[in-house]
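Biologist: Can you walk me through this model? Keep it brisk, please.

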Amino acid sequence: MLRLEKRPQPSRLWTALTPILAVLATMVAGGLLFAALGKNPVEAIRVIFFDPLFNDQVASFARPQILVKAGPLILIAIGLSMGFRAGIWNIGAEGQYIMGAIFGAAVGLALYPMDHALIFPLMVVAGALGGWLWAMIPAILKIAFRTNEILVSLLLVYVAEQILASAALDLLRNPDGGGFPGSRDLSEWDTASNLELIAGSGMHWGVVTAFIAVIAAYVMLSRHILGVHLRLAGQAPRAARFAGVRPGMVVFLCFTVSGVLAGLAGLFEVTGPAGQISIDFNVGYGFTAIIVAFLGRLNPIGILLAGLLMALTYIGGELAQFMLGLPAAAIQAFQGMLLFFLLALDMLSNYRFRLVTREAV
Amino acid sequence: MTSALLRLSGITKSYPGVRANDDVSFEIAPGEIHALLGENGAGKSTLVKAIYGLVKPDAGQMTLNGERYVPAEPRAARAAGVAMVFQHFSLFEALSVAENVSLGMEDPPPRRRLAARIREVSQAYGLPLEPDRLVGDLSVGGRQRVEIIRCLLQNPRLLIMDEPTSVLTPQEVDTLFTTLRKLSAECTAILYISHKLEEIRALCDAATILRHGKVVGECVPAARSAREMAEMMVGTDLTPPERSETRPGAVMLEARALTLPAATQFATPLREVSFAVRTGEILGIGGVAGNGQDELMAVLTGETRAPAGTLLLGGEDIALAGPSDRRAMGLRTAPEERLGHAAAPDMSLTENMLLTSGAAEGLLSRGFVRWAAAREAAEKVIETFDVRTPGPAVAARALSGGNLQKFVVGREVVQSPPVFVVNQPTWGVDAAAAATIRQALMTLAATGSAVVVVSQDLDELLEIATWFAAMNEGTLSVPRRVATLSLEEIGLMLGGGERPGNGPEAPPDATPPRTQAAEAARAQA
Amino acid sequence: MSPELLIDALIIAATPILLAAIGELVTEKSGVLNLGVEGMMIVGAICGFAVAIESGSPALGFAGAALGGAALSLIFGVLTQYLLSNQVATGLALTLFGLGFSAMIGQGYVGVVPPATPKLDFGPLTDIPFVGPVLFNHDLMVYVGIAIVAGVWATLRYTRAGMILRAVGENHDAAHALGYKVIRIRLLAIAFGGACAGLGGAYLSLVRVPQWTEGMTAGAGWIALALVVFASWKPWRIVIGAWLFGGITVLQLNLQVAGVKVPVELLSMSPYLITILVLVLISSDRRRASLSAPAELGRVFHAAG
């Protein structure tokens, strides 16, 4: 008989190993899923995971796209991971991402068609501010009234989507757009555009910011007392209060970091890859980033790798859609499955199985 | 002997790294009150869990009334006539007394009949209980009565009681013993688990002594001295800590009519708590669990803010200061709960140093952790207090209770704080570690610190404290010199017979009738 | 619009979240927080829709939806109860997976019209002025929803099974010590919650809309979660909350149709904003909030020894 038993302390080996096992398990289960849809599972997995990188025909287009997609995922996930470590569940990053984009774009569009070197930095600040303000709603409600931040932050995503619709259809609509919904194309306005920094790399300011965020988060978590306090607040809330960590401060800090980073991700997206505010501007990065954060073990370096991997499945998914007719939703289910396997295997780092032989009693 | 009710032979149970029970054999006769004696960690709990069907032994046999007894689960044990009162009660606070009783029975009668039965049994055995009250509203003694009645309603042949008196006042203990003797006379056997020797000598017909999972002796308690049994239990000679005389100095920590409303429904409000501790002195605060000690402790650590002006450290008002500020000002604390409060279970000992040490101790510079310094600090605590662990990189939860306790107390004591407040310093700690900790507290006071020890262990307080005060229903009695106190007076203090402003709002079951002695003690104070 | 029609629309708008919320209430009473309601609802929506189309029977559709929701919830159950995963994260995973999975199997069903769910025939009762249309002019699921609430209320209050469920949610270690099968009881509660969420989802796709579109639950599952908090874990308050919410939804839709001079987006976001407002009001009442929540909500249970 197998029994689960708590390890005296978490296993480092398994902590590192579980994401890899989870990816492999997801490949197998995903293959079965694709087979059920009548696709060749081996081919589907190959198209999703290998072709974007190594297929000569598509790689030149697909490789830069990986950074384009990984940028916002990593940026948002780094912010979320701070909160998840501290037991603060901001799951409304999608809304903060939208608000960051709207705020940043609105500031830029208000100054259109001026040309000044400070316009783009100003938009970046406005984007961060938009995400931060939107994140402050659940944060302040939690601090002042102990309102559940999970529900509030999530419900605000739907509110943000309505604001986005309103912005695309009315407030920020392109006056020269012939009545079509959507704002001016910011990516075509040099002053406010966030284009590739190195041609063919996919590297734009958002990706640079994401790398900076990874490094800053790594330093903070491993070297600074704030990192210790965040973990403490998540693992042992009473011990955190005993140590003098103020719970309200932790909530404020976590929502500030995650809101600002999600807002920045939105701003860099709207000025670059997306180009404009439109009704379908948001594509779920805020939710996929939750998977990225967990897949990366809430560890900045892990998140960097997980973000790249998840971006790969996005590109690969699109490729599979195009080449094999695999439904777009399949890749979403695939990503959800990955999180399941990760959570299921997670206990290996904290628990171990023991074979119990029953003697006659 | 076929007359035995329960016979254990060769019971063995191992956990990773520990053999909790090693070839344990003994028997209990019908109606016998049998003591199971041993230190914390000697394997008593595992053994009774096996008898109650919560743990499956790896080897060994049990017979009940001569028949093979293999309880697969507590339900089977109860069906066979074995009932158990847990040390940490298995009660549901948001449910009523009747519902709690019903949940512990196999075939509970309908509501109304059950309520009537509860009243009946509670009268017959002198255990007052209202079936409709929420368990969360009861005192700790009341909760224990719920557990006992839950057992008695099943007419058990064997009643297991795990450390039942650790939460009771001396008066409540007397009542409990009367109940147990009555049960014994009605031929119900009782397996009585304790490490309190005087109690066992007063109550039990036979005793089995466990050490490191093995039976190391059996005796008739009344025929042995407490010291003899203690030495069997611990395995070595016991030396009481040295008490050195120090001259008390200035008042370091003072509470002035500290009043605080209850934060939640089941919490205790603090009512006009006042005390003053001087350098060189130890103030012992006793009391039955749940009388406001936790709330007082939270106010002292700074986790709960007190009204301005009610708490002074060296004459300065600290009522509104947070835990870190207080530590900086010289007030260090160690809460009762080791895992999750005084230490973070999944963090290493080095990381746990950072809970109470920071820039002032040289572990931080500009907010950045100096890991090497933190590790050294942890090593110093480990060495000074003989904490048994492979090293400071080990997670706190991997340490045994006694070793972790030495660590969390030592972490503060090595800083020689001007004021140190500790709650339950030796709860669940083996005798050797307890002695180390008590000695450290006394040395700390002797070297000029003011120390407050909150504890439910009276013997401990009487051993180390200079002053004694008791908490009852959120009030604190006037501190008295330990040297001049009699046990009876202490009992009255614990029961609330002597306290400032003894109001009529106290529930009747918590307030014993005022006696002349109480009045006399009051006059003396 | 006549008041009868408004009330009818209100009840139809309220039923999906009523079903999902009463299921979640049972799950939470057992001490488990399943944040995957949205995912279970949408999987229920597509399962119910697909089964109803393939079989031509809405009744079979609802049965399929309940099964689908329960099956999905059991993934959550196994992960959180046996593999001891974090309940918040696992619930989120359930939602993310459910959204993707439902969109995937729903591909062939976009734009298809489902068989109509008939209203129950109460004969002459329906013709009573006002009372008839309000009380006796609904489909079976409306009454099933109310019946489930009544059943949950009576079970929790009067039966031993209900008492055990509450006990497990209140103190799992004590329940375990008394010999109750904590994990088994919780799995049952989780499956019940999943089945109810599935029914709620199917009510959206088969009755309320009635059509299949990707992501059609649009936050209904999260509102159901908020409703449980609003109801302070008391079954009948779920009905009140669901009807209030249904009323707001119907009202804002009617205002949109009527062309009131308020931006459409503001009206569309109003149900979410009002839900947040209600959450704030409920949670600011500290005493009550701490009293009614099951004590073990969201905590991991691992029997030692």
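**Chain contacts**

Modeller: Let's start where chain A meets chain B: 20 residues from chain A and 32 residues from chain B make the contact. Two residues are in contact if their C-beta atoms, placed from the backbone, lie within 7 Å. This is a predicted model, in which local features need pLDDT of at least 70, side-chain atom pairs count only at pLDDT 80 or more, and totals for chains, interfaces and linings use all residues. Residues are numbered from 1 along each chain as its sequence is written, while chains are lettered from A and ligands numbered from 1 in the order in which they are written.

Biologist: Which helices of chain A supply at least two residues each to the side that touches chain B?

Modeller: α9 (225–235) and α10 (237–243) of chain A. Helices (H or I, at least four residues) and strands (E, at least two) are DSSP runs, numbered from the N terminus.

Biologist: And how do the residues on that side of chain A divide into nonpolar, polar and charged?

Modeller: Eleven are nonpolar, four polar and five charged. Ala, Val, Leu, Ile, Met, Phe, Trp, Tyr, Cys and Pro count as nonpolar, Asp, Glu, Lys and Arg as charged, and the others, Gly among them, as polar.

Biologist: Now chain C. How many of its residues are in contact with chain A?

Modeller: 41 residues of chain C, and they meet 38 residues of chain A. On the chain C side, α3 (58–82), α4 (87–105), α10 (220–230) and α12 (264–284) each supply at least two residues. α4(C) gives the most, with twelve residues.

Biologist: What is the make-up of that side of chain C, by nonpolar, polar and charged residues?

Modeller: 28 nonpolar, eleven polar and two charged.

Biologist: Switching to whole chains. How many helices and strands does chain A have?

Modeller: Chain A has 14 helices and two strands. Its radius of gyration is 22 Å, close to the 21 Å that the globule rule gives for 361 residues, so chain A is as compact as a globular protein of that length. The radius is taken over C-alpha atoms, and the rule is 2.2 Å times the number of residues to the power 0.38. Along its principal axes, the C-alpha trace of chain A spans about 85 × 55 × 35 Å.

Biologist: What share of chain A counts as buried?

Modeller: 58% of the 361 residues. A residue is buried if 20 or more other C-beta atoms lie within 10 Å of its own, exposed if 12 or fewer, and partly exposed in between, with C-beta atoms placed from the backbone. Of the contacts in chain A with a separation of 6 or more, 78% come from residues 24 or more positions apart.

Biologist: And what does chain B contain in helices and strands?

Modeller: Chain B has 17 helices and 23 strands. Its radius of gyration is 24 Å, which agrees with the value near 24 Å for a compact globule of 525 residues. The C-alpha trace of chain B spans about 70 × 55 × 45 Å along its principal axes. Of the 525 residues, 50% count as buried.

Biologist: Back to chain A. At what angle do α13 and α14 cross?

Modeller: Roughly 150 degrees, with the axes of α13 (residues 300–324) and α14 (residues 328–350) coming within 9 Å. Axes are lines fitted to C-alpha atoms, for helices over the stretch in contact, and angles run from 0 to 180 degrees between N-to-C directions. α13(A) and α14(A) are therefore roughly antiparallel to each other; the cut-off for that is over 145 degrees.

Biologist: Which residues meet there?

Modeller: A:M310, A:T313, A:G317 and A:Q321 in α13(A) meet A:A328, A:I331, A:F334 and A:Q335 in α14(A). That makes four nonpolar, four polar and no charged.

Biologist: What about A:Y314, buried or exposed?

Modeller: A:Y314 lies in helix α13 of chain A. A:Y314 is buried, as 24 other C-beta atoms lie within 10 Å. The C-alpha atoms of A:Y314 and A:Q335 are separated by 9.2 Å, though the two are 21 residues apart along the chain.

Biologist: Where is C:L84?

Modeller: In the loop between α3 and α4 of chain C. C:L84 has a positive phi of about 55 degrees although it is not a glycine. C:L84 counts as partly exposed, with 19 C-beta neighbours inside 10 Å.

Terms used
Angles under 35 degrees count as roughly parallel, over 145 as roughly antiparallel, 65 to 115 as roughly perpendicular and the rest as oblique.
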